[in-house]
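Hello,

Here is the structure you will be taking over. Please open it first; my notes on what was found follow below.

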Amino acid sequence: MPAKKYRFYSPTQPPSLSMSELVCKTLDHDATDVLIDKWLEHRNDAYWEWFMRVRERRHSALHTLQRGEQLLAWSKGDFVPENIFMRTVDTARMIPLDRTWTTHVYHHRSMQDRKLSMMPVVFTMLPELMLLRGMHDHGCDDIFIIVTDMKRAEMDAATEYFKFVCRYTFGQTVKRKAEREIHYRHARLKYALEHQRRTPCFPQIDLIFRAILYERRPPFIVLFSHQTTSYSQIFFTHPVFVPAADIFLDFPSGCPNPCCTEDCEMIRFPRNGQDGAVVLPLKRGARRCFRRVRAREMCNWVDCDVAFSEEIPSRSTGVGERAGECASSVSVSGKGSSAGADPDAARPAVRGQVCGKCKLVKYCSAEHQRRDWEEHRRLCARPAQGEEKE
């Protein structure tokens, strides 16, 4: 049942995207390709060195990996997205990072009046967006970014506000005590941003942020700040969407100044996994604002919809597993399912066969393995001999 729509804006009621006064600039797949080519041309040494380290340790943890555990691998070829593969969190497939996406950038009309392009906004966080897009097989064709000019303290206050609002308004009736607290926090942020003449104003930020959550249900939303002394925050809608800490611990999302000794991040990318990530406590149930999140292991051939009989063990703990919430997943087709229904319940169990060379992917049949070889061949490689002995 879709959430009831309201004509007037309220911090405690579901808003609509049509109520927003912000301008939406959409960058399509072709624009994304242009940005990726430009990023590769103007190579950033910090990111280059990080990806090279990924290549050096490509199969170092192969024999200790649990089934379905997140993995980033680069085995062959030049440094281009099509040669770097990531295991998706929803289907456990190894898919290259060359899949593009559509970016929806919401910003204040004053930026449009000044004819400021939104391309630099996406370019600034392009490596992070590539990795976040690569984590998902379904549901990440559209990425949403809200442009603000909030500074660090204001961004921190807004982060706590959205976590509080999502805890008490999504999927349940707002209690009177929580409603008073929401209005109080909202008024403080509204006054602070108006006093500093920030654009857009906080009611518009709040409206568009929650409207995207209600209507588009993305895996994550980015709150971008173009202030030079601030950072941009990534909000995840479920713990399973957070990048694994053992892969991204040394990811270079910090200040580009080599003389900087502080942990001042431009993009607050969760390098420590769920410990450092902002996960919105969205309750799944009642109004069914969000479909269940179930990670399933599927045939690595991208056009195959066969899911194997066993579910991938969830690595999410704590944040997303409170009473009334479900820590398990999206349907394998990516289109969701009715409450209580398992889309694969009527299907016969499929064991699948693991690739005998790299041991990283699984197929439902030899035919699909042959079809996938043209892409998988760029990744498929045996572990080093020293690693095999371990």
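Lys 357 is partly exposed, with a relative accessible area of 34%. Here buried means under 20% relative accessible area, exposed means over 50%, and partly exposed is in between (1.4 Å probe, protein chains only). Lys 357 sits in the loop between β13 (353-354) and β14 (362-363). Helices (H or I, at least four residues) and strands (E, at least two) are DSSP runs, numbered from the N terminus.

This is a predicted model, in which local features need pLDDT of at least 70 and side-chain atom pairs count only at pLDDT 80 or more, while totals for chains, interfaces and linings use all residues. Residues are numbered from 1 along each chain as its sequence is written, and side-chain values use heavy atoms, with hydrogens and water left out.

Surface charge

Lys 357 belongs to a positive patch on the surface, together with Lys 76, Lys 359, Arg 377 and Arg 382. Patch residues have over 30% relative accessible area and no salt bridge, and like charges are joined within 9 Å (for nonpolar side chains, Val, Leu, Ile, Met, Phe, Trp and Tyr, within 5 Å). The areas come from the Shrake-Rupley method with a 1.4 Å probe, and for residues only the protein chains shown count as cover. Lys and Arg count as positive and Asp and Glu as negative; His and the chain ends are not counted. Each charge is placed at NZ of Lys, CZ of Arg, CG of Asp or CD of Glu.

There is also a negative surface patch, made of Asp 28, Asp 30, Asp 33, Asp 37, Glu 41, Asp 78, Glu 82 and Asp 98. Of these residues, Asp 33 is found in helix α1 (residues 29-41) and is partly exposed at 33% relative accessibility.

Salt bridges

A salt bridge is a side-chain nitrogen of Lys or Arg within 4 Å of a carboxyl oxygen of Asp or Glu. By this rule there are 12 salt bridges. Among them is the pair of Glu 297 and Lys 362 (3.6 Å, N to O).

Another salt bridge joins Arg 268 and Asp 156 (3.9 Å, N to O). Arg 268 is in strand β9 (residues 267-268) and Asp 156 in helix α6 (residues 152-169), 112 residues apart. Asp 141 and Arg 133 also meet in a salt bridge (2.8 Å, N to O); Asp 141 is partly exposed at 40%, whereas Arg 133 is buried at 4%. Arg 93, Arg 99 and Asp 137 are linked in a network of salt bridges.

Strands

Two strands pair if DSSP finds at least two bridges between them. Strand β5 (residues 102-107) has 6 of its 6 residues buried. Thr 102, His 104 and Tyr 106 are on one side of β5, and Thr 103, Val 105 and His 107 on the other.

Elsewhere, 3 strands form an open antiparallel sheet in the order β2-β3-β4. β2 (72-73) and β4 (94-96) stand at the edges with a single partner strand each, so one side of each has no neighbour in the sheet. β2 and β3 (residues 85-87) pair over 2 bridges, and Leu 72 stands opposite Met 86.

Regards
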